[in-house]
Amino acid sequence: SYAVSNNGVFDVDVPPGQYQAFVSRGFEWDSYEQDIVVSANETTTIDATIAHVVDTTGLVAAEFHQHCLGSIDAQVPVPRKVLENAAEGIELAVSSDHDVVTDFAPYLDELGLKPFMSVMPGDEVSYEGIGHFNVYPMPVDDADPFKNDGSRLWWMKTVPEMFATMRYIAGDPVIVRDLDVGGDD
């Protein structure tokens with residue numbers, strides 16, 4: 001089991017047994033591990049301290065390719081994905097669900113993370129027979145949240161027509177060819 005939080009405090013129920021606890025906060029921090037025994041009807045407390053070990057002054061930790069519940073290949077609820085980004089030290093989280101524009105912004109306030117990270121809605125356009133193109137930023141229309149979703153971005157279009165459609169919708173977006181050749185992105 002694993003847990004994420006917006007403040008480093010966890011309350012996790014697990015069956016009695018022996019465990020190895022790991023605490024991390026992304027690549028800028030060291031990690032903590034401890035063997036623990038959880039007894040029935042008792043609380044086991046772990047007081048972990050981790051140190052900031054990589055100086056990233058002047059840099060921004062960003063994640064430009066990630067999927068959550070809006071994508072056909074992920075089962076991670078959007079709020080949890082935002083928490084995972086924060087827990088790993090991501091300062092700019094860009095959504096890239098397959099053919100869906102997901103907006104992380106509403107969850108920043110809800111989770112108290114707005115002072116610590118920025119978000120950008122994107123889309124991984126899944127072009128038939130060629131692969132994927134990550135496009136960001138993509139506009140979010142609160143009145144019609146599904147306005148820019150779906151295969152209509154690429155269905156029955158040539159690659160130049162698809163690019164023209166993405167540029168029309170998003171203005172002057174960054175378009176990145178996803179070169180994940182392993183099949184799972």
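Modeller: A search of the whole structure finds three aromatic pairs, where rings of Phe, Tyr and Trp (its six-membered ring) pair if their centres lie within 6.5 Å, and planes under 30 degrees apart count as stacked, over 60 as edge-to-face and the rest as tilted. This is a predicted model, in which local features need pLDDT of at least 70 and side-chain atom pairs pLDDT 80 or more, while totals for chains, interfaces and linings use all residues. Residues are numbered from 1 along each chain as its sequence is written, and side-chain values use heavy atoms, without hydrogens and water.

Biologist: Is Phe133 buried or exposed?

Modeller: Buried means under 20% relative accessible area, exposed over 50%, and partly exposed in between (1.4 Å probe, protein chains only). The relative accessible area of Phe133 is 7%, so Phe133 is buried.

Biologist: Which residue lies over the face of Phe133?

Modeller: A charge sits over a ring if NZ of Lys or CZ of Arg is within 6 Å of the ring centre and within 35 degrees of the ring normal. At 5.5 Å from the ring centre of Phe133, the residue over its face is Arg177.

Biologist: What is the strand order of the open sheet of three strands?

Modeller: Strands here are DSSP E runs of at least two residues, numbered from the N terminus, and two pair if DSSP finds at least two bridges between them. The pairing is parallel, and the order is β3-β4-β5.

Key. Helix = DSSP H or I, 4+ residues; strand = E, 2+ residues; numbered from the N terminus.
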